[in-house]
Amino acid sequence: MRSELLPAKDEPFTEDELEDLEEGEESESSDLLWESARKHRKEAVSLDEYCRRRGI
C-alpha cells in the first residue's frame, strides 16, 4: 500500500487569529502538548527507524 501526501488546504490559524490571542495564551494551549510529548518520549522512534519498521 502506498501513501499519498495531501497538501494542506488552509493554514491552521490566520494572522488575525494569532493577533487576537492574549499574551501567554499560546504557551498555555501548548502546555498539554508538551506534557504529552514528555510522557511518551520513550515511545518515540526516529524517522529512519519508523521507515525500517514499516518497510518504506
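Biologist: How much of the protein counts as buried?
Modeller: Of its 56 residues, 0% count as buried. Buried means under 20% relative accessible area, exposed means over 50%, and partly exposed lies in between, with a 1.4 Å probe and protein chains only. This is a predicted model, so to speak of local features we need pLDDT of at least 70, and side-chain atom pairs count only at pLDDT 80 or more, while totals for chains, interfaces and linings use all residues. Residues are numbered from 1 along each chain as its sequence is written, and side-chain values use heavy atoms, with hydrogens and water left out.

Biologist: What's the accessible surface of the protein, then?
Modeller: About 6,300 Å², and 52% of that belongs to carbon and sulfur atoms. Areas come from the Shrake-Rupley method with a 1.4 Å probe; for residues, only the protein chains shown count as cover.

Biologist: How many helices and strands?
Modeller: There are 3 helices and 0 strands. The order from the N terminus is α-α-α. Helices (H or I, at least four residues) and strands (E, at least two) are DSSP runs, numbered from the N terminus.

Biologist: What about confidence: where is it lowest and where highest?
Modeller: It is lowest in α1, with a mean of 76, and highest in α3, at 92. The protein averages a pLDDT of 78, and 75% of the residues score at least 70. pLDDT is the predictor's confidence in each residue, from 0 to 100. Where it is low, the predicted coordinates should not be read in detail.

Biologist: Switching to charges. How many salt bridges does the structure hold?
Modeller: It holds 3. A salt bridge here is a side-chain nitrogen of Lys or Arg within 4 Å of a carboxyl oxygen of Asp or Glu.

Biologist: Which residue does Lys-39 pair with?
Modeller: Glu-35, at 3.6 Å from N to O. Lys-39 is exposed at 59% relative accessible area. Glu-35 is partly exposed at 36%.

Biologist: And which partners does Glu-49 have?
Modeller: Arg-52 is one of them, with the closest N and O atoms 2.5 Å apart. Both lie in helix α3, 3 residues apart, which is about one turn. Glu-49 also meets Arg-53 in a salt bridge, at 2.9 Å from N to O. Shared partners join Glu-49, Arg-52 and Arg-53 into one network.

Biologist: What comes just after α3?
Modeller: Gly-55, with a positive phi of about 70°.

Biologist: Which residues form the nonpolar patch on the surface?
Modeller: Val-45, Leu-47, Tyr-50 and Ile-56, with about 440 Å² of accessible area together. Patches are made of residues with over 30% relative accessible area and no salt bridge; like charges are joined within 9 Å, and nonpolar side chains (Val, Leu, Ile, Met, Phe, Trp, Tyr) within 5 Å. Leu-47 belongs to helix α3 (residues 47-54), and Leu-47 is exposed at 63%.

Biologist: Where does negative charge gather?
Modeller: In a surface patch of Glu-15, Asp-16, Glu-17, Glu-19 and Asp-20. Lys and Arg count as positive and Asp and Glu as negative; His and the chain ends are not counted. Each charge is placed at NZ of Lys, CZ of Arg, CG of Asp or CD of Glu.

Biologist: Which helix holds Glu-17?
Modeller: Helix α1, residues 15-19. Glu-17 is partly exposed, at 41% relative accessibility.
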